[in-house]
Amino acid sequence: MKKLRVRDILLKKSSNEKLTVLTAYDYPMAFLCDNAGIDIILVGDSAGMVVLGYPSTIPVQMEEMLLFVGAVGRATKHSLITADMPFGSYQTSVNSAIDNAIKLIKAGSDAVKLEGGTEISGTIKALVDSGIPVMGHVGLRPQTSVLWDGYQTQGDTLAAARKIISDAKSLEQAGVFSIVLEMVTDEVTEIISKSTAVPIIGIGSGNNCDGQVLVLHDILGLYGKLKPRFVKQYLNLSEVIHVA
Ligand code: KIV
């Protein structure tokens, strides 16, 4: 299997092929995802919760992300790797966002992901202008939603729906190559997917999108603290390990 680039990911939308995205944070899991032909491996800051045991993604540090990205990079030959920029690594200035994104690319990632809409479109444009592919993330934003209203469905009022649609438009104009839509209503997901040229990757946002992303530890039954209602758990690996 050849190495996937941003261009291949964009082509999947134009050829109506659904995208598969899974998180991985270490060498053995990334090796398995890569071998299974997963399109994008997301080194998500969800690692902070499912691997490091933090209560949310807020405490995650750049140094921790760099360690995860390095391990995933060494295991991956096919999938496009995208690394989350942790909370605090892109908000303080455009220059520090570029510096931190470059660190993630040098550690082995092919792209970075930032949470936010219109308010960070300038930062995203600067990253793209520096040559760094960027994945957007709108709807529920785990890094800050936890501070405001917790993990709630997004876009269920007219104003909220309009805001998410305009956030997605701003990100597309800023140059992202794909957008994660988290816990957004089916209707809003469909409107955004149909009106953008870049792949829309849903998580808890229904089927009207161009692909799905899930946290590997959730689908394998390796993390019991939080069970999102939209996750299909394919096996109970915790139990298998216990028995072994
Ligand atoms: O960190 C992560 O795993 C994510 C997904 C929930 C999309 O951002």
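How far is an oxygen atom of the ligand from an N or O atom in the side chain of S46? In this predicted model, the separation between the ligand oxygen and the N or O atom of the S46 side chain is 2.5 Å.

The residues around the ligand include S46, D45 and D84, and among the others are T23, L42, G44, K113 and H137, together with E182, I203 and V215. When this shell is sorted by class, three of its residues are nonpolar, four are polar and four are charged. As for the location of the ligand within the protein, the molecule sits in the largest pocket.

C33 takes part in no disulfide, and the nearest cysteine sulfur to it, which belongs to C209, is 19 Å away. Because a disulfide requires a pair of cysteine sulfur atoms within 2.5 Å, a separation of 19 Å from the nearest cysteine sulfur leaves C33 without such a bond. With a relative accessibility of 4%, C33 counts as buried, since the term applies to residues under 20% relative accessible area.

The corresponding description holds for C209, which is in no disulfide and for which the nearest cysteine sulfur is that of C33, at 19 Å. C209 is buried as well, its relative accessible area being 4%.

Key
Residues are numbered from 1 along each chain as its sequence is written. This is a predicted model: local features need pLDDT of at least 70, side-chain atom pairs count only at pLDDT 80 or more; totals for chains, interfaces and linings use all residues. Side-chain values use heavy atoms; hydrogens and water are left out. A residue is near a molecule or strand if one of its heavy atoms lies within 4 Å of it. A polar contact is a pair of N or O atoms within 3.5 Å; within protein, one must be able to donate a hydrogen and the other to accept it, and residues adjacent in sequence count only if both atoms are side-chain atoms. On a 1 Å grid over the protein atoms alone, a cavity is a set of points where a 1.4 Å probe fits but cannot get out, and a pocket is an open set with protein on both sides within 12 Å along at least five of seven lines; lining residues have an atom within 4 Å of a point. A molecule sits in a cavity or pocket if more than half of its atoms lie within 2 Å of its grid points. Ala, Val, Leu, Ile, Met, Phe, Trp, Tyr, Cys and Pro count as nonpolar, Asp, Glu, Lys and Arg as charged, and the others, Gly among them, as polar. Buried means under 20% relative accessible area, exposed over 50%, partly exposed in between (1.4 Å probe, protein chains only).
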